[in-house]
Amino acid sequence: MLKTATTIFLGLATSFTFLLISPPPPKSFYHSLYISTSLSDNTSISHHLHTLTRRPHVAGSEANAEAAAYVLSIFTSSNIKSHIASYEVSLTYPSSRSLTLIPPPPETPTTFNLRQEIYDGDPYADVADEVQPTFHAYAKSGTVSGLVVYVNYGRIVDYLTLKEMGVNVSGTIVLARYGEIYRGNIVKNAYEEGAIGALLYTDRKDYGGGGDTRWFPDEKWMPPSGVQVGTVYNGIGDPTTPGWASTGDCERLSEEEVEKGGDVPLIPSLPISGADGETILRSVGGDVAHEDWQGSIDAPTYRVGPGPGIINLSYTGNQIIGTIQNVIGIIEGAEEPDRFVILGNHRDAWTFGAVDPNSGTAALLEVAERLGKLQKKGWKPRRTIVLCNWDAEEYGLVGSTEWVEENREMLASRAVAYLNVDCGVAGPVFHASATPQLDELLKRATQQVQDPENSSQTIYDSWVDSSNSPPIGRLGDGGSDFAAFVQHVGIPAAAMFFGGGYPVYHSMYDDFVWMEKFGDPMFHRHVAVGSVWGLVALWLADEEFLPFNYLSYAKELQKSTKDLKDEISETDISLNPLFKSIEELHKEATTMNNQRKEIIERKGWTSMWNKDHLKVRELNDRLMMAERAFTDQDGLFGRSWYKHLIYGPSKHDDYGSKTFPGIDDAIEKAKNLNTADSWRAVQHEVWRVSRAVKHASLVLNGELT
């Protein structure tokens with residue numbers, strides 16, 4: 001008996017000694033390994049992109065379901081527990097379209113073929129007929145006929161210019177060019193000005209390189225027949241289930257109720273090519289448009305109309321309830337499985353989607369494979385990492401929004417952050433946007449990852465501007481899948497990509513050939529975006545203290561409030577409540593940072609007896625929940641789905657991010673009405689934002705009042 005006990009004791013002692021001598025590698029070891037060349041693989045990313053873009057794969061299609069299966073297979077083979085989350089949502093497809101120009105005599109009418117042309121040697125010619133006919137998703141069906149008015153980019157300011165020129169667009173069909181605002185706002189603005197239809201074209205000046213420049217496949221520019229398709233829905237998520245998930249036999253709004261909601265267009269519209277746009281412009285008379293409304297060097301002189309050219313426009317859409325599939329992969333946290341770090345990218349594309357979105361999908365699969373390799377080497381995340389591949393983003397952020405609405409309460413209590421990559425690569429130059437507490441984390445990550453354009457420096461080195469501070473945007477726009485996380489629930493978020501705008505956007509020429517020739521020939525930018533994305537996720541998942549810095553938030557709010565003060569300097573609006581709340585936020589953020597330092601300094605053999613691990617958890621919860629406090633249950637006035645009072649989309653451009661969107665809306669209304677009540681509404685919005693900032697300060701403080 002004694003011998004057995006002695007043997008057991010010696011065995012335990014040996015094991016304990018071995019543990020002391022050979023502790024597991026620190027998390028930082030795995031983080032360095034993650035961005036090393038031994039784990040990254042540009043060949044694998046290229047293969048993923050080639051596979052994903054073999055066929056057009058619009059939401060609801062068989063090809064997109066096959067792409068979902070491919071993503072699921074890569075997640076699963078990387079030892080990531082995965083599943084499909086399906087939703088039944090409203091989708092639209094074109095049934096019939098026709099467009100005829102009736103020019104003044106003696107010219108003869110022109111009926112446009114509305115077709116994007118394949119090119120000589122096009123490797124995708126055999127599947128080109130799978131590309132949907134050019135259309136606008138959720139466009140109003142109808143047949144209209146009217147004189148043409150050229151409205152430049154279709155912005156509010158463009159209509160003001162037309163009014164100054166004495167041009168009335170009521171009863172006409174407007175011709176607008178893409179490039180400055182979201183297409184849904186172009187159509188909505190046209191309707192509100194009295195137009196009966198809208199045509200949106202791709203001008204050579206913006207997308208075709210201008211002049212005699214060659215186009216794809218010889219150069220990167222949009223071919224003359226290229227068309228930018230896309231949604232014209234001004235909401236987010238399934239239009240028939242606003243605020244709740246589209247699951248099974250759920251409650252749905254009728255088509256009439258959806259139209260009354262104001263987010264779907266009430267006039268027919270069509271996207272057309274640059275060549276067709278120029279043909280129509282040649283039939284437009286009237287005053288010569290301003291110089292900044294003109295096209296490229298060899299384009300015809302643009303005039304504003306109305307007419308004398310007449311357009312006959314007919315569009316019929318087919319609205320269905322179709323199945324979409326989000327692919328969800330989960331790596332469960334070893335210590336805090338109930339805290340989620342979420343990475344997301346969408347999969348559906350209007351055509352082949354090499355840039356938008358599958359450059360991001362390929363990067364997501366690269367992240368998954370690298371995390372799988374880390375798991376084989378013994379790494380386990382402290383917190384749970386969730387990889388999400390969304391569907392139907394192109395229709396209006398549908399897949400991500402339905403998932404967030406279905407999981408809202410769990411996400412509100414458990415989500416640490418959301419990291420989005422949409423178009424991962426469209427060319428050189430790194431860009432990022434974030435809620436401000438993540439600014440420093442993004443900078444830190446880019447300081448660790450090699451610049452794909454210059455191996456002698458980091459991404460950070462090429463990113464910083466002359467002020468030695470990289471330009472970080474904000475996430476108030478509705479341009480990608482971060483919207484539901486930030487603007488509906490209040491979850492800290494970041495988005496990143498290389499390149500930005502690219503000429504063949506949303507056309508059938510956004511294919512693997514374009515990417516291989518012009519976007520990222522060596523796929524090193526794909527590797528880089530995967531490195532930054534994954535590294536930020538690893539730090540958020542693994543670091544004991546959440547790497548949030550609310551001092552950055554306070555400083556950003558201070559700057560934005562000073563800008564607002566300049567804007568309303570000639571009014572009686574007081575911003576003192578807001579300035580005071582921001583000062584309090586700065587104070588609590590400083591205190592929070594000091595508390596973190598105290599716990600770190602106390603750490604040692606006695607930390608477990610001091611219950612420091614509980615204090616760490618409680619401090620992290622305050623950091624995680626502070627962003628939620630910037631939301632308000634009533635949301636923005638007239639746009640109640642948007643709950644975030646600090647960041648939201650511009651009322652007249654869904655692609656435009658606004659700070660203090662509620663205040664901005666109220667100021668616009670007050671300037672138009674100029675009544676005492678309208679200016680009181682501005683002051684009320686200032687108070688609302690100041691209360692939200694105060695609530696965030698109280699969350700950081702962690703004590704009841």
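Residues are classed as buried at under 20% relative accessible area, exposed at over 50%, and partly exposed in between (1.4 Å probe, protein chains only). The structure is a predicted model, in which local features need pLDDT of at least 70 and side-chain atom pairs count only at pLDDT 80 or more, whereas totals for chains, interfaces and linings use all residues. Residues are numbered from 1 along each chain as its sequence is written, and side-chain values use heavy atoms, with hydrogens and water left out.

Salt bridges, defined by a side-chain nitrogen of Lys or Arg within 4 Å of a carboxyl oxygen of Asp or Glu, number 35. One of them joins glutamate 618 to arginine 622, with 2.9 Å between the closest N and O atoms. Both residues belong to helix 21 (residues 612-625) and are four residues apart, about one turn of the helix; helices (H or I, at least four residues) and strands (E, at least two) are DSSP runs numbered from the N terminus. Glutamate 618 counts as partly exposed because its relative accessibility is 36%, while arginine 622, at 8%, is buried. A network of salt bridges with shared partners comprises Glu335, Glu336, Asp338, Arg339, Arg382, Arg383, Arg617 and Asp621.

Glutamate 336 is in strand 10 (residues 336-346) and arginine 382 in the loop between helix 10 (358-376) and strand 11 (383-390), so the contact ties together parts 46 residues apart in sequence. Glutamate 336 and arginine 382 are both buried. A further salt bridge connects arginine 347 and aspartate 391 at 3.2 Å, N to O.

Aromatic pairs (rings of Phe, Tyr and Trp, the last by its six-membered ring, with centres within 6.5 Å; stacked under 30 degrees between planes, edge-to-face over 60, tilted for the rest) total 26. Phenylalanine 430 and tryptophan 463 adopt an edge-to-face arrangement, at 5.1 Å centre to centre and 90 degrees between the planes. This pair links strand 13 (residues 430-434), which holds phenylalanine 430, with helix 15 (residues 459-463), which holds tryptophan 463, across 33 residues. Phenylalanine 430 is buried at 4% relative accessibility, as is tryptophan 463 at 6%. Tyrosine 553 and tyrosine 647 form a tilted pair, with centres 6.4 Å apart and 35 degrees between the planes.
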